[in-house]
Amino acid sequence: MTTFELFKGGGEMGQRIRQLDWSQTLLGPVDAWPQSLLTAVNIMLGSRFPMMVHWGPELVHFYNDGYAAILQSKHPGALGQPAEPWWREMWPFLLDIFRPVLAGETTYFENSLVLPNRQGFVEEAYFTFSHSPIYAEDGTVGGIFVTALETTGTVVQQRRLALLSHLTAQTATSAQPAEVAQHIIAALATNSGDAPFALLYTHEPPTAHAHLRAWFGLPAGEPTAPATLPTDPAAAGPFEWPVAEALRCGSPLLVEDLPERFAGVWPWGARPETPTQALLLPLPVVPAGPATSLLIVGLSPRRPLDEAYRTFLALVADYAGRALARATALHEAQQLNQALREANASLDTFVHIVAHDLKEPANNLLSLLEAHREEPPGLGRDHLVALMEAEVRGLFGTTQGLLHLLEAQHGAVVEVEPVPLADVYATVQAEVAALLHQHQGEFTANFRAAPTVRYPRAYLESILKNLVSNALKYRAPDRAPVIRVQSQPRGAGVVLTVADNGRGIDLAQDGQRLFQPFTRLVADGVGVGLGLHIIQALVQQRGGSLGVRSTPGVGTTFEVVLPE
């Protein structure tokens, strides 16, 4: 019988088997084949289920159309060829399967991992398959009958869904962004088959760097996972993660040739299956807003970056971004609630202190007015008028400071002009002259280095008056107060320094609350404790800063940075 008569049907592979010149193969002419082989091949061709037949000592290949799809690039060259070297990359694994079958056993494996090279790389694949012995006419095992079903898609999809489920469950109740970042990376670490490594960077404008918040698979602090990365494209180097580009474009960015990019420091070295690609996934933490976080996920060297892989990573990015956005919103809400609670507490304190402190000068004014009515004209009445004027000035100063504080806190627009610092000094000196004279104090100024600054005049007067008034309030009891003011240029602005020889401040103990409202550091302090808080608010509202150096028992120096 001819080959065409021996083998019927079978689609493409039936045609190839009939057309192949078998006399040029290890099996020789078809008419010399044993009936057991002919029967096995016909059973195989008659089935749509993926099947393969191995025959003879060299395990020569036969397979049908269903198995041809599994072979991919090994088809059609494997037909009629011995199993080795076609399966050299997994030969030890196959031999462990073939030996018991050739001894007469039947084997079955479900969702078993195999590592074929079907697409130019060693691929992670899963199969459910069975191997059965084919007995020759003499009763010995002449070959192997294989039935196989590739389950790679199912297995990979299940583990990806498990990761997404884990990610959702772990981040659902987290209210802190830092905690969410750790959960995101921990979830990815459960699936090293799809994510050999992962890094999560966050960027908080206006800083020029993204900071590493969580990671796995790469050593933190090393060039492959630095603590910070520039977000300015001009500052980005060619041998680091292109964070700036990914954040700018706002869409997934594929980075290839990782061993070359990180030459000499890539932790996988030159192993054949080292990760060579990563996908940079921007994460907007505000819905519809620009990306401020970035997830870097290493890609498996054993899986192709196909549509399913990309979709999975897009879902990871979406879940992670939503979790970070939710945690950020909750965290900001908590901070706002805390700020509101503190503001309410401060308001209660403010009302109590101001009501108490304004009640005394108001009572004093009433008493002085009663005394003024009863006092005959003369020096006594003039003295009473002077005392009333002092009380009024104190009340005016308190209310003026509160108005400036409200302006600064609510961003009021105030007039900016070139202000001679000598004029401000003269105004403040006139207001504290009586107190200086009373305590034999000294108040000097040196504005030669920076005589003028562009700034709201009222703010300058309030800043200097509060600092000088504090220096007089907290003067040392054993020496006359000395207050020195000077200015120095810095960039486009001016630095104003006010130094005194007073009691000094224990910054280790009181530095944290020094600028808090309604703070009095000593029991015999006067006023409502708003002076330094008002100064800081006025300065910061215009982009400046207020610093302090102090030594208890020696004195204090305040440095006010006044940018134009």
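Modeller: Let's start with Q440, which counts as exposed because its relative accessibility is 67% (buried is under 20% relative accessible area, exposed over 50%, partly exposed in between, with a 1.4 Å probe and protein chains only). Keep in mind that this is a predicted model, where local features need pLDDT of at least 70 and side-chain atom pairs count only at pLDDT 80 or more, while totals for chains, interfaces and linings use all residues. Numbering runs from 1 along each chain as its sequence is written, and side-chain values use heavy atoms, with hydrogens and water left out.

As background, most residues other than glycine have a negative phi, and most peptide bonds are trans.

Q72 also has a positive phi, about 50 degrees, without being a glycine. With a relative accessible area of 31%, Q72 is partly exposed, and it sits in the loop between helix 4 and helix 5. That loop, between helix 4 (65-71) and helix 5 (83-86), holds P76 too, and the peptide bond from H75 to P76 is cis, with omega near 5 degrees. A cis bond also joins E84 to P85, here with omega near 25 degrees, and P85 is in helix 5.

Five strands form an open, antiparallel sheet in the order 2-1-5-4-3, where two strands pair if DSSP finds at least two bridges between them. Strand 2 (60-63) and strand 3 (107-114) are the edges, each pairing on one side only. From one strand to the next, the twist averages 25 degrees (axes are lines fitted to C-alpha atoms, for helices over the stretch in contact, and angles run from 0 to 180 degrees between N-to-C directions). Strand 4 (residues 125-135) and strand 5 (residues 141-150) share nine antiparallel bridges, and S130 faces T147 in strand 5.

Helix 3 (residues 35-45) packs on this sheet, touching strand 1 (51-55), strand 2, strand 4 and strand 5, with its direction at about 165 degrees to that of strand 1; contact means heavy atoms within 4.5 Å. Helix 7 lies across strand 3, strand 4 and strand 5, at about 145 degrees to strand 4. L161 belongs to helix 7 (residues 152-171) and is partly exposed at 48% relative accessibility. Between L161 and F312 there are 151 residues in sequence but 8.6 Å in space, C-alpha to C-alpha.

Last, the charged pairs. The count comes to 17 salt bridges, each a side-chain nitrogen of Lys or Arg within 4 Å of a carboxyl oxygen of Asp or Glu. One of them joins R457 to E417 at 3.8 Å, N to O. R457 is in helix 14 (residues 457-473) and E417 in strand 12 (residues 417-420), so this pair ties together parts 40 residues apart in sequence. Another links E559 and R490 at 3.9 Å, N to O. Here E559 comes from strand 18 (residues 555-562) and R490 from strand 15 (residues 482-490), so parts 69 residues apart in sequence are tied together. There is also a network of salt bridges linking R118, E123, E150 and R303.

Key:
Helices (H or I, at least four residues) and strands (E, at least two) are DSSP runs, numbered from the N terminus.
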